[in-house]
Amino acid sequence: MTIEARNLSFRYGDKPVLKEVSFALTSGGFHALLGPNGAGKSTLFGLLTRLLALQQGDVLMAGQSLKKQPAEAMRNIGVVFQQNALDLDLTVRQNLLYHAALHGLSRQAARVRGDRELTRFQLLERANEPVRKLNGGHRRRVEIARALLHEPSLLLLDEPTVGLDVASRRELNDHVRTLCDSDGLTVLWATHLIEEIRPEDRVLILHEGKLLADGAGHDICEAEGTRDLAETFHTLTGAG
Amino acid sequence: MKAAHYWHCFVGIQTREWLRFWQQRTRFASALVRPLLWLVVFAAGFRAVLGISIIPPYQTYITYETYIAPGLCGMIILFNSMQGALSMVYDRELGSMRVLLMSPLPRPFLLVTKLLAMGIVSVGQVYVFLLLALLVDVEPPAWGYLVVLPALILTSLMLGALGLLIATWIKQLENFAGVMNFVIFPMFFMSSALYPLWRMNEASPWLYWICQFNPFTHAVEAIRFSLYLEWNPMAYGITATVTLVLSLLATAGFRPQRTKILATSKPA
């Protein structure tokens with residue numbers, strides 16, 4: 001599915017947070033949204049997920065406007081928020097069934113899809129355990145499995161590796177990449193950690209609400225005359 | 001979206017609320033202690049002071065326990081609804097609120113379903129309370145338990161919507177203590193829950209009028225009359241109208257234009 005953001009601007013009161021941000025995501029591709037804390041990543045995610053209202057600009061998902069046909073657009077999006085959004089007291093399966101119900105899926109269909117996703121994420125044997133008993137990495141996997149239950153074409157992940165150890169971070173990142181290959185899923189992965197990005201990845205660098213760069217990681221480095229993304233990021237944002 | 005989608009969503013939200021209730025059943029049980037204390041201790045002490053004459057819907061002289069039982073049913077719903085609505089918006093359930101709002105179904109439907117689900121759990125508690133109240137001889141007619149159900153559900157929707165409205169629009173009241181002092185206690189005390197309004201009128205006419213304007217008074221009266229198999233169209237009418245207005249206002253608070261609080265990582 002093609003996703004196109006057109007001239008997105010957003011302000012909280014007098015404070016502009018996003019300024020004329022435009023980009024298009026390639027269908028089935030892994031995209032990294034890189035930016036320091038406070039760059040506007042969460043606000044951008046808020047707009048894409050309709051937790052915030054579009055003030056200026058529009059987002060087109062497979063040609064459908066988020067402004068004009070929000071329900072249609074929302075059906076195509078799966079989201080993993082920065083903070084845990086699982087009910088810790090409920091079991092893994094109960095969390096999945098709840099999410100599926102919110103998307104109008106019958107219990108039977110939800111169970112089939114839920115088990116399929118859990119098998120894929122190697123969590124089926126833990127389906128009846130309360131989420132509280134799972135470690136951080138597994139909780140994240142459950143959140144991704146949940147976000148995929150209604151078979152979206154776009155998966156948004158807002159700093160999904162926050163609070164995970166290095167090994168779990170890498171594992172989660174690898175896993176999401178395989179979803180792009182196996183399911184043709186379009187992924188937008190927001191992060192401030194450069195080690196989560198590969199040189200060939202499509203990278204969008206956001207800083208103080210502006211999109212400073214948009215292209216394959218190595219192309220951006222070449223254009224900036226830098227050795228690697230870390231240096232590019234430092235040069236462009238002064239962070240790093 | 002087809003009707004089946006709405007139905008699955010409705011069932012899913014109700015199921016989750018009952019699962020959570022089951023997980024937290026000890027907390028819900030302890031929430032019953034408050035109204036039971038009022039019923040057993042407060043009412044026993046006040047029985048001697050406060051004589052209740054024969055007033056509708058009662059056919060005979062009644063004990064003070066019998067008089068305040070419907071008010072305490074309202075109190076259970078009042079506390080639960082406020083606590084539930086606040087936790088929907090602030091920290092504890094911020095994540096699950098986001099998950100709820102990610103649904104492609106219309107937000108007013110999602111929110112009213114959620115309020116209804118929370119309300120039905122409260123109503124379950126009210127029934128447990130009414131069963132325990134039998135021990136102090138609060139014995140409404142058997143059919144009253146069934147006839148009171150719509151009034152209880154309506155009250156829970158009204159107070160849930162009020163809680164949501166407060167939580168989304170009034171930033172200053174962002175903790176439960178504030179809501180308790182400025183909303184729950186005034187609503188409870190300035191109503192017909194603890195004393196009949198004619199007594200209030202004798203004491204202070206302006207207080208009487210405040211009680212009359214308090215929608216909680218009418219919710220309690222709708223509960224009281226239904227429980228004793230009497231029809232009180234005014235109490236029902238006012239409760240239903242206020243529920244409708246508050247629900248419309250509360251769901252308007254969840255338009256994307258107003259959900260900054262949910263989009264940012266920290267409550268604004």
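This section describes the two chains of a predicted model, beginning with their overall composition and ending with the contact between them.

Chain A is built from both kinds of secondary structure, with eight helices and 10 strands. Its radius of gyration is 18 Å, close to the 18 Å given by the globule rule for 240 residues, so chain A is as compact as a globular protein of that length. Along the principal axes, the C-alpha atoms of chain A fill a box of roughly 50 × 40 × 35 Å. Of the 240 residues in this chain, 45% are buried. When the contacts in chain A with a separation of 6 or more are considered, 64% of them are accounted for by residues 24 or more positions apart.

Chain B, by contrast in its secondary structure, contains 14 helices and zero strands, and from the N terminus on its elements accordingly read α-α-α-α-α-α-α-α-α-α-α-α-α-α. Buried residues amount to 46% of the 268 residues of chain B. Among the contacts in chain B between residues at least 6 apart in sequence, 79% join residues that are at least 24 apart.

Several individual residues of chain A can be described in their local setting. A:Tyr12 lies in strand β1 of chain A, which spans residues 3-12, and because 12 other C-beta atoms are found within 10 Å, A:Tyr12 is classed as exposed. The C-alpha atom of A:Tyr12 is 9.8 Å from that of A:Thr43, although the two residues are separated by 31 residues in sequence.

A:Glu20, a residue other than glycine, has a positive phi, near 50°, and is located in strand β2 of chain A (residues 15-25). With 14 other C-beta atoms within 10 Å, A:Glu20 is partly exposed. A phi near 50°, again a positive value in a residue other than glycine, is found at A:Ala62, which is placed in the loop between β4 (56-61) and β5 (64-65) of chain A. A:Ala62 has 14 C-beta neighbours inside 10 Å and therefore counts as partly exposed.

Within chain B, two helix pairs were examined. Two packed helices are described by the angle between their axes and the distance between the axes. In one pair, helix α4 of chain B (residues 64-89) packs against helix α12 of chain B (residues 215-227) at an angle of about 125°, and their axes are 8 Å apart. Since angles from 65 to 115 degrees count as roughly perpendicular and those over 145 as roughly antiparallel, α4(B) and α12(B) are therefore oblique to each other. The crossing in which α4(B) passes α12(B) is right-handed. On the side of α4(B), the contact is made by B:Pro70, B:Gly71, B:Cys73, B:Gly74 and B:Leu78, which meet B:Phe216, B:Ala219, B:Val220, B:Ile223, B:Arg224 and B:Leu227 of α12(B). Sorted by class, the residues of this contact between α4(B) and α12(B) comprise eight nonpolar, two polar and one charged.

The other pair is formed by helix α6 (residues 107-133) and helix α8 (residues 149-169) of chain B, which pack at an angle of about 125° with their axes 8 Å apart; this angle makes α6(B) oblique to α8(B). Here too the crossing is right-handed, with α6(B) passing α8(B). The residues of α6(B) that take part are B:Leu111, B:Leu115, B:Leu116, B:Met118, B:Gly119, B:Ser122, B:Val123 and B:Val126, and in α8(B) they meet B:Leu152, B:Ile153, B:Ser156, B:Leu157, B:Gly160, B:Ala161 and B:Leu164. The contact of α6(B) with α8(B) consists of 11 nonpolar and four polar residues, with no charged residues.

Between the chains, 30 residues of chain A are in contact with 30 residues of chain B. On the side of chain A that touches chain B, α1 (41-48), α2 (70-75) and α3 (92-102) of chain A each supply at least two residues, and the largest share, six residues, comes from α3(A). By class, this side of chain A has 15 nonpolar, 11 polar and four charged residues.

Note on methods. Residues are numbered from 1 along each chain as its sequence is written. Chains are lettered from A and ligands numbered from 1 in the order in which they are written. This is a predicted model: local features need pLDDT of at least 70, side-chain atom pairs count only at pLDDT 80 or more; totals for chains, interfaces and linings use all residues. Axes are lines fitted to C-alpha atoms, for helices over the stretch in contact, and angles run from 0 to 180 degrees between N-to-C directions. Helices (H or I, at least four residues) and strands (E, at least two) are DSSP runs, numbered from the N terminus. Angles under 35 degrees count as roughly parallel, over 145 as roughly antiparallel, 65 to 115 as roughly perpendicular and the rest as oblique. A crossing is left-handed if the near helix is turned anticlockwise from the far one by less than a right angle, and right-handed if clockwise. Two residues are in contact if their C-beta atoms, placed from the backbone, lie within 7 Å. Ala, Val, Leu, Ile, Met, Phe, Trp, Tyr, Cys and Pro count as nonpolar, Asp, Glu, Lys and Arg as charged, and the others, Gly among them, as polar. The radius of gyration is taken over C-alpha atoms; the globule rule is 2.2 Å times the number of residues to the power 0.38. A residue is buried if 20 or more other C-beta atoms lie within 10 Å of its own, exposed if 12 or fewer, and partly exposed in between; C-beta atoms are placed from the backbone.
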